[in-house]
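Work through the exercises below with the model open. Try each task before you read its solution.

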Amino acid sequence: MNMMAAIYASNSDTRKSREIYEEILAKDSNDHDALIGLMRLELMDGDSAKATEYLARAVNAAGDDPRAIVEVAMLRMMRGELAEARKLLRRATDNDRGNLQAWSFLGAVTMQMLDGEKDAKIRAALMDELENEILRAMEAAAKDPSDYYVQTTRAFILLRKEGDQRRAARDALVAASRERPDIAATGDMILGLDISLNDTVDAERHAMEVLRRNRKAPLANYVMGSLALQRGEMVEAEAFLRRSVEAPRPPVLALNDLAEVLRRAGKFEEAEKYARRATETDPSLYVAWETLGVVILERKGNLDEAEKAIKKACDLSKTAEGKPADVRMLVSLARVQLAKGETQRGKGTLRTVRSRIDELSDFEKKEFEELEQSVRK
């Protein structure tokens, strides 16, 4: 669905757009453009069920219009009827070799088939088709090599190739975004790859570009807030993160990072609210459980509950060998052990952290040193 969202999403005022489309449908329930518009908004919100419902209504409204073949194929795709969607898109591209949107959806269907295929030979054949037929046909039909559909298709293909192709995929999406800066989903995908590559310089630059077009963009605000938090710029971090969490579906890491900012400011009640929202949104996010546990600890709440949350964070962060991958979790575990009067266990945990102290940031090292000093007194 990411590719579909990228193709249809835009940076317009979604709330106002929805109001306008709903007003149109109140007068004419079969207005095709309004139905497609609402489908686009639901894709942006990640609600594929509602998007499918609006698309089905749009297809019915289009009737026998031959231009609706791509929409019919999309409906099949969203319902998981990939073979039928593929046939329809093949027909569309055979009838019009220059229909880049149809080609891009054919690529999306083929990728979805590839993702669900376990047979190595079939996977290889599908990848060959994507690279050497679909993408080449799109490149030949495009008037500009930086065409949005071509570059987004290239990016999604690269992400499915062997080896780490994330940087090349990110660069293809950057080229696509220059062609269509109005499409918000592309900016989000670029930022997501920046984050996965730990490329903070480009992440900040790309986030600022997004925010110049839409100051409320949730992921861009999260990136700016997270980077400000890393630099210790608490006022700036809180401002960006609050804008991020105001979104209908805020990034879970924004919820967690805002909780951390509020914890450091001593606003424990509000910090706990956002930390709990983060754990409810994504129960597998270990840092959210650690944040929740530390907030409970510092507000002098139930220590057993705090320890339970932090132990969950430790368990979720374990490597395949069963060792905590993130040493920060052990610092928090030591804190709660010491708070409970379990001094020997706490000192043992601190010794483990000391052996991995280079993995902590300057702020975290300072907190650790203070904790060690408190035990020696």
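**Exercise 1.** Find how helix α16 (residues 268-281) and α17 pack: give the angle and the distance between their axes.

*Solution.* Start with the two axes, which are lines fitted to C-alpha atoms over the stretch in contact, with angles from 0 to 180 degrees between N-to-C directions. The angle between α16 and α17 is about 155°, and their axes are 9 Å apart. Helices here are DSSP runs (H or I, at least four residues), numbered from the N terminus, and strands are E runs of at least two. This is a predicted model: local features need pLDDT of at least 70, side-chain atom pairs count only at pLDDT 80 or more, and totals for chains, interfaces and linings use all residues. Residues are numbered from 1 along each chain as its sequence is written, and side-chain values use heavy atoms, with hydrogens and water left out.

Next, classify the angle. Under 35 degrees counts as roughly parallel, over 145 as roughly antiparallel, 65 to 115 as roughly perpendicular, and the rest as oblique. α16 and α17 are therefore roughly antiparallel to each other.

Then judge the handedness. A crossing is left-handed if the near helix is turned anticlockwise from the far one by less than a right angle, and right-handed if clockwise. α16 passes α17 in a left-handed crossing.

Last, list the contact (heavy atoms within 4.5 Å). On the α16 side, the residues include Phe 268, Ala 271 and Arg 276. On the α17 side, they include Trp 289, Leu 292 and Val 295. By class, this contact has nine nonpolar, two polar and three charged residues. Here Ala, Val, Leu, Ile, Met, Phe, Trp, Tyr, Cys and Pro count as nonpolar, Asp, Glu, Lys and Arg as charged, and the others, Gly among them, as polar.

**Exercise 2.** Move on to α17 and α18: what are their angle and axis distance?

*Solution.* The angle is about 160°, and the axes of α17 and α18 are 8 Å apart. α17 and α18 are therefore roughly antiparallel to each other. Their crossing is left-handed. Among the residues that meet are Tyr 286, Gly 293 and Leu 297 in α17, with Leu 303, Ala 309 and Leu 316 in α18. By class, the contact of α17 with α18 has 11 nonpolar, one polar and three charged residues.

Now look at the loop between α17 (286-298) and α18 (303-316), where Lys 300 lies. Lys 300 has a positive phi of about 60°, although it is not a glycine. Buried means under 20% relative accessible area, exposed over 50%, and partly exposed in between (1.4 Å probe, protein chains only). Lys 300 counts as exposed because its relative accessibility is 74%.

**Exercise 3.** Which residues touch the most other members of the largest nonpolar core?

*Solution.* Define the core: buried Ala, Val, Leu, Ile, Met, Phe, Trp, Tyr and Cys residues joined through side-chain atoms within 4.5 Å. The largest one has 60 residues, and Met 39, Leu 55, Val 70, Leu 89, Leu 130 and Met 138 touch the most other members. Helix α7 (residues 100-116) gives the most to this core, with nine residues. Apart from it lies another core, of 57 residues, among them Ala 278, Val 287, Leu 330 and Ile 357.

**Exercise 4.** How many helices and strands does the chain have?

*Solution.* The count is 21 helices and zero strands. Of the 377 residues in the chain, 49% are buried.
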